[in-house]
Amino acid sequence: MNSRLSNILNDINTVLLPKLCFGCNVRLNRGEHLLCTLCRNQLPLTDFNLLEENSVDRIFYGRANIEKAAAFLFYTEQGIVRNMIHYLKYKNQEPIGIFLGDWFGQYLKETLVTPFDVVIPVPLHRNKLRKRGYNQVAAFAKRLAFHMDAVYRDDLLIKKTNSRTQTTKSRFYRWQGNNELYGLSGAVIPEGASILLADDVITTGATLEACANTLLKIPGVTVSIAAMAVVP
């Protein structure tokens, strides 16, 4: 099939099944992917990397022995980022995770000083994973691993209890509960491995804190964090 015919068929398919921007729901033009050009240019990039100190690092001070932490976008209750995360998390739109993982992964690779050995997504409980059918962080984590020449592992960290976030609880109570939610599976990982822990949105940081402290029980490992977005 030549390129001209392929373009014609793509145009016909677009008319019959138009692809819409996940940010503003307008029809995407040829060459646009997931986001229209306007929404892509309006994405609130943090410019945080894994080299310089930033506000995501400070979330975990005194809470977990994190090497470095960064997030790609700022998250607000209204806007493009919120729409993207919603479609990724609840509408089975895993290409969004790939899109963000490729973009952030390339950026982190350019600023990375020490390579990572392993990239791990924050896990879902097996019941939630069965119900949803996918972990919304998996595609993002896989693309980070690809760009940084690391190994993707989703068999090391497990969520032991199927619980919901309870925002009415005190911070200490949430922290105490979260630290009982995660465990190690017993799968083998080399001592001293450099781990990058991936998540979607950082709010209080309690989930990542609990995951990181669980992983740090493995002798000699170091843990850093990369998220799609952070609440300012």
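In what order do the five strands of the open sheet stand, and is their pairing parallel or antiparallel? The order is β1-β7-β6-β2-β3, and the pairing is parallel. Strands (E, at least two residues) and helices (H or I, at least four) are DSSP runs numbered from the N terminus, and two strands pair if DSSP finds at least two bridges between them. This is a predicted model, in which local features need pLDDT of at least 70 and side-chain atom pairs count only at pLDDT 80 or more, while totals for chains, interfaces and linings use all residues. Residues are numbered from 1 along each chain as its sequence is written, and side-chain values use heavy atoms, with hydrogens and water left out.

At the edges of the sheet stand β1 (69–74) and β3 (151–152), and because each has a single partner strand, one side of each is left without a neighbour in the sheet. The partner of β3 is β2 (residues 118–121), joined to β3 in the parallel sense over two bridges; V118 has V151 of β3 as its bridge partner.

Helix α9 (residues 206–215) packs on the sheet, where it touches β2, β6 and β7 and makes about 165° with the direction of β6. Helix α4 (residues 80–90) lies across β1, β6 (194–202) and β7 (222–230), and runs at about 110° to β7. Such angles run from 0 to 180 degrees between N-to-C directions, the axes being lines fitted to C-alpha atoms, for helices over the stretch in contact, and contact means heavy atoms within 4.5 Å.

Turning to the cysteines, a search of the whole structure finds zero disulfides, a disulfide being a pair of cysteine sulfur atoms within 2.5 Å. The closest cysteine sulfur to that of C24 is in C39, at 3.7 Å, which is too far for a bond.
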